[in-house]
There are 2 protein chains.
Amino acid sequence: MSRILYDLAGEDDALRFSPYCWRAKLALAHKNLSFETLPWRFTEKDVIAFSGQGKVPVLVDGENTVSDSQGIAEYLETAYPNEASLFGEAPAALTQFIKSWTEDVLHRALARIIVPDVFARLHPKDKAYFRETREKAFGATIEALAADRAAHVPALQAALTPLRSTLKAQPFIAGAAPAYADHIVFGALQWGRLVSYTPLLAEDDPIVHWMDAVLGTYGL
Amino acid sequence: MSRILYDLAGEDDALRFSPYCWRAKLALAHKNLSFETLPWRFTEKDVIAFSGQGKVPVLVDGENTVSDSQGIAEYLETAYPNEASLFGEAPAALTQFIKSWTEDVLHRALARIIVPDVFARLHPKDKAYFRETREKAFGATIEALAADRAAHVPALQAALTPLRSTLKAQPFIAGAAPAYADHIVFGALQWGRLVSYTPLLAEDDPIVHWMDAVLGTYGL
């Protein structure tokens with residue numbers, strides 16, 4: 001059976017640089033499927049018109065035409081179930097990236113904003129410890145961080161973009177129901193929600209609905 | 001059996017704001033395990049000295065003492081295997097967040113840097129199409145993007161932080177072997193590697209080693 005992938009090329013036929021086509025090529029290799037690629041250019045819409053749309057990758061697998069890298073991955077997973085799963089066997093391993101993102105990006109963006117509010121809410125016996133460690137970490141006084149707060153709110157909103165996109169695609173980070181990946185990200189945003197004197201998210205924000213759905217799942 | 005979680009509190013005993021303690025509370029709820037919490041403050045190191053370290057969450061589950069939210073999650077997953085998995089049953093769903101992050105963060109950071117290099121490498125018949133669509137998307141000419149390139153390299157390096165952290169914890173994003181989550185992120189960085197006239201990553205960068213390991217897995 002012939003298997004053809006239309007693959008974006010530069011002027012040089014051999015330069016195949018599309019990130020989405022690379023996904024498809026690796027997915028085919030992962031499924032241990034042989035294939036040929038055909039170089040394609042952005043303006044060659046007529047060449048792939050048979051696929052019903054105008055972008056690559058387009059896979060022609062015998063009788064089947066599939067476009068869009070995500071569509072191709074899902075097609076290969078279904079059509080070749082006896083080969084290694086494209087989505088892996090280890091959800092715990094995939095949770096690691098979400099943990100790294102939460103701690104490296106989300107915690108940092110939140111901390112920059114809410115450390116002064118945390119300070120204000122601490123037990124008096126904790127304040128000296130917290131001031132010393134956080135002022136050292138940020139290289140700024142609690143008061144300087146508070147004065148500069150508004151300048152850092154846009155960075156938090158930008159950091160939340162991948163979470164917003166994920167929650168457009170599915171109800172929870174782990175899929176149809178919450179799991180530890182949700183707990184990790186929820187923990188960060190609950191920290192912000194409980195501590196910040198100024199709400200960080202609007203009440204009708206889809207992220208707030210997701211947080212409430214996580215709590216509701218567990219009756220909390 | 002008693003189950004106690006030491007839980008960071010503010011001055012108000014009821015204010016429990018630690019993101020790591022929230023992870024532990026949700027993980028316990030996910031496993032359908034009842035527990036009590038005890039308010040704890042940063043400076044009460046002596047209270048949790050029995051755990052062998054100085055931070056919360058600390059879980060005392062009957063005879064077992066476990067600290068660190070990740071340690072607690074892994075302990076609960078092992079100790080209560082008959083309850084719902086903390087790490088979920090659907091690796092495909094967890095891959096969605098990695099896809100969202102790749103497209104919302106990594107592709108944007110890369111594109112801001114390499115669009116002029118892509119333009120230079122395109123087939124002549126594609127250049128007008130590419131210039132029009134990309135200049136509209138960025139609100140700047142190809143030449144202006146090129147002149148401003150160096151200013152955007154630090155943002156790419158910052159964006160890569162969660163990937164670096166993940167690859168310190170495990171060899172691939174999907175764990176011990178690559179899967180589609182790796183393919184998605186690889187696609188983005190391979191795009192940069194093939195197109196950029198100036199290398200974006202040093203040859204000895206752990207991300208480059210991971211990219212080569214992905215290709216090597218498939219004999220590519």
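User: Through which surface do the copies meet, and how many residues does the contact take from chain A and from chain B?

Analyst: Two residues are in contact if their C-beta atoms, placed from the backbone, lie within 7 Å. In this predicted model, 99% of the interface residues of chain A are also interface residues in chain B, so the copies meet through the same surface. The contact takes 67 residues from chain A and 66 residues from chain B. Helix 3 (91–121) of chain A gives the most to the side of chain A that touches chain B, with 15 residues, where helices are DSSP runs (H or I, at least four residues) numbered from the N terminus. That side of chain A divides into 41 nonpolar, 19 polar and seven charged residues, with Ala, Val, Leu, Ile, Met, Phe, Trp, Tyr, Cys and Pro counted as nonpolar, Asp, Glu, Lys and Arg as charged, and the others, Gly among them, as polar.

User: What rotation and shift superpose chain A on chain B?

Analyst: Copies are superposed by least squares on the C-alpha atoms of residues with pLDDT of at least 70 in both. Here a rotation of 180 degrees, with 0.0 Å of shift along its axis, brings chain A onto chain B at an RMSD of 0.0 Å. That is the relation of a two-fold axis. Pro91(A) is the residue of chain A that comes closest to the rotation axis, at 2.5 Å (C-alpha).

User: Which conventions apply to numbering and confidence?

Analyst: Residues are numbered from 1 along each chain as its sequence is written, while chains are lettered from A and ligands numbered from 1 in the order in which they are written. Local features need pLDDT of at least 70 and side-chain atom pairs count only at pLDDT 80 or more, whereas totals for chains, interfaces and linings use all residues.

Technical notes
Helices (H or I, at least four residues) and strands (E, at least two) are DSSP runs, numbered from the N terminus.
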